[in-house]
Amino acid sequence: MLDLREGFLTTRLDVLLNWARSNSLMPMPMGLACCAIEMMAFAGPKYDVARFGSEAMRFSPRQADLMIVAGWCTYKMAHAIRRIWDQMPDPKWCIAMGACASTGGMHRCYGVVQGVDNFLPVDVYIPGCPPRPEAVLHALMDIQEKIRNEYSVALDYAKGEPRPPAPPARPHVLSPEGDEPVAREVLHRPLKST
Ligand code: SF4
């Protein structure tokens, strides 16, 4: 409640924290291929992501809470990305940028993961090859919306834990430890049908 005559504002802690969190996301730019060029434009002065409070790209997983995977991902790279994701503190969110990160795109071959949701819990997918920086801004706004509507600090406090870890879409594809047998199984699994 906002009372301008009396000069005070009341709100819920959840709303205040989610508002602050959604306007100060720190992206981890996981640029893997050509889409990364558009991601750089998204962070540049022309598109001015600072309007959304997310201009502080972080290359340390400990300081990031939004991973943007831009480009096609090989099975070898998937292990490294998953490890970085696991090092990011909760709560955290993930954007799959472009056709390749979302589905493998035109790289329908044995060495490329057919969508990073095979090993990451993706929150927002961006279509396009490559998507324009405006589309990345739109995805960022979707994440902000998600934080404001779905995340609850009060609920976490009540449960005594930071947040139930979001399980990967297909948890058996990559183990957090990157076990070799699991990786081998992944390498030889059939590709998705189109
Ligand atoms: S979606 Fe297009 S631009 Fe993006 S990584 Fe794939 S081929 Fe490159």
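Which strands does helix 5 lie across? Helix 5 lies across strand 4, strand 5 and strand 6. The points below take this structure part by part.

1. Basis. This is a predicted model, in which local features need pLDDT of at least 70, side-chain atom pairs count only at pLDDT 80 or more, and totals for chains, interfaces and linings use all residues. Residues are numbered from 1 along each chain as its sequence is written, and side-chain values use heavy atoms, with hydrogens and water left out.

2. Four strands form an open sheet in the order 3-4-5-6, with parallel pairing. Strands are DSSP runs of E with at least two residues, and helices are runs of H or I with at least four; both are numbered from the N terminus. Two strands pair if DSSP finds at least two bridges between them. Strand 3 (27–31) and strand 6 (124–126) stand at the edges, each with a single partner strand, so one side of each has no neighbour in the sheet. The twist averages 15° from one strand to the next.

3. Strands 3 and 4. Strand 3 pairs with strand 4 (residues 66–70) in the parallel sense over five bridges. Pro27 has Leu66 of strand 4 as its bridge partner.

4. Helix 5 on the sheet. Helix 5 runs at about 155° to strand 5 (93–97). Axes are lines fitted to C-alpha atoms, for helices over the stretch in contact; angles run from 0 to 180 degrees between N-to-C directions. Contact means heavy atoms within 4.5 Å.

5. Helix 1 with helix 5. The axes of helix 1 (residues 13–22) and helix 5 (residues 133–150) come within 9 Å and cross at roughly 165°. That makes helix 1 roughly antiparallel to helix 5 (angles over 145 degrees count as roughly antiparallel, 65 to 115 as roughly perpendicular). Asn18, Arg21 and Ser22 of helix 1 make the contact with Gln144, Ile147 and Arg148 of helix 5.

6. Helix 2 with helix 5. The axes of helix 2 (residues 35–43) and helix 5 come within 8 Å and cross at roughly 70°. Helix 2 is therefore roughly perpendicular to helix 5. Glu38, Ala41 and Phe42 in helix 2 meet Pro133, Val136, Leu137 and Leu140 in helix 5.

7. The ligand. Residues around the ligand (a heavy atom within 4 Å) include Cys34, Cys35, Trp72, Cys100, Met106 and Cys129. Gly71 and Gly128 are also among them.

How values were computed:
Parallel < 35°, antiparallel > 145°, perpendicular 65-115°, else oblique.
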